[in-house]
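Biologist: Hello! I am new to reading protein models, so could we go through one together, feature by feature?
Modeller: Gladly; let us bring it up first.
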Amino acid sequence: MIVLSVCGDQLLMAPPTFRPGIAGQTVDFPGGRVPSGAPPQELVGALLRRELGVAPASVQEVTPLNINGWAVDSSFSNQRIWGFIAQLTQPLAQLDEKPLIRVPLTGRHIADLLETLHCLQCRALLLERLHTYKHRLPG
């Protein structure tokens with residue numbers, strides 16, 4: 001599951017974290033595995049609390065970007081990736097003072113973000129958001 005967290009006119013992300021598989025730091029959207037049988041949409045608040053320090057009460061609305069999840073490596077597994085947009089309240093209530101990356105929802109800033117995202121799933125969800133909501137994205 002990957003969540004695009006929107007607060008006002010910005011995407012919120014955690015600071016870069018070290019990924020041993022690529023021997024470097026990456027910027028990613030909040031995400032995690034969905035336990036078998038768990039409804040993914042109901043896990044969004046807890047995920048944002050863990051990864052961004054956002055109070056669950058700050059999650060105003062959760063909108064799925066894909067209803068059934070996308071198959072991941074379907075030849076060998078039955079894993080799926082669900083994508084959601086979480087609309088957060090302003091001002092944002094944080095449970096702790098985790099530093100957050102704030103990316104303005106403008107065409108130029110999103111293009112820059114796409115250049116820095118290493119995670120294929122994160123890129124796919126951001127591109128799906130752009131495709132679905134392209135009429136709402138300023139310059």
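Modeller: Helices (H or I, at least four residues) and strands (E, at least two) are DSSP runs, numbered from the N terminus. This is a predicted model, in which local features need pLDDT of at least 70, side-chain atom pairs count only at pLDDT 80 or more, and totals for chains, interfaces and linings use all residues. Residues are numbered from 1 along each chain as its sequence is written, and side-chain values use heavy atoms, with hydrogens and water left out.

Biologist: Is leucine 130 buried or exposed?
Modeller: Buried means under 20% relative accessible area, exposed over 50%, and partly exposed in between (1.4 Å probe, protein chains only). Leucine 130 has a relative accessible area of 18%, so it is buried. Glycine 107, in helix H2, has 29% and is therefore partly exposed.

Biologist: How do I read the packing of two helices?
Modeller: Two packed helices are described by the angle between their axes and the distance between the axes. Axes are lines fitted to C-alpha atoms, for helices over the stretch in contact, and angles run from 0 to 180 degrees between N-to-C directions. Here H2 (residues 107-116) packs with H3 (residues 120-132) at about 160°, their axes being 10 Å apart. H2 is therefore roughly antiparallel to H3 (under 35 degrees counts as roughly parallel, over 145 as roughly antiparallel, 65 to 115 as roughly perpendicular and the rest as oblique).

Biologist: Which residues of H2 and H3 meet?
Modeller: Contact means heavy atoms within 4.5 Å. From H2 come Ile110, Leu113, Leu114 and Glu115, and from H3 come Arg123, Leu126, Leu127 and Leu130. This contact has six nonpolar residues, two charged and no polar ones (Ala, Val, Leu, Ile, Met, Phe, Trp, Tyr, Cys and Pro count as nonpolar, Asp, Glu, Lys and Arg as charged, and the others, Gly among them, as polar).

Biologist: What is a nonpolar core?
Modeller: It is a set of buried Ala, Val, Leu, Ile, Met, Phe, Trp, Tyr and Cys residues joined through side-chain atoms within 4.5 Å. The largest one here has 22 residues, and those touching the most other members include Met13, Ile110 and Leu126. H3 gives the largest share, four residues.

Biologist: Which non-glycine residue has a positive phi?
Modeller: Most residues other than glycine have a negative phi, and most peptide bonds are trans. Alanine 23 has a positive phi of about 55°. Alanine 23 lies in the loop between strand S3 (17-19) and strand S4 (24-26), and with a relative accessible area of 61% it is exposed.
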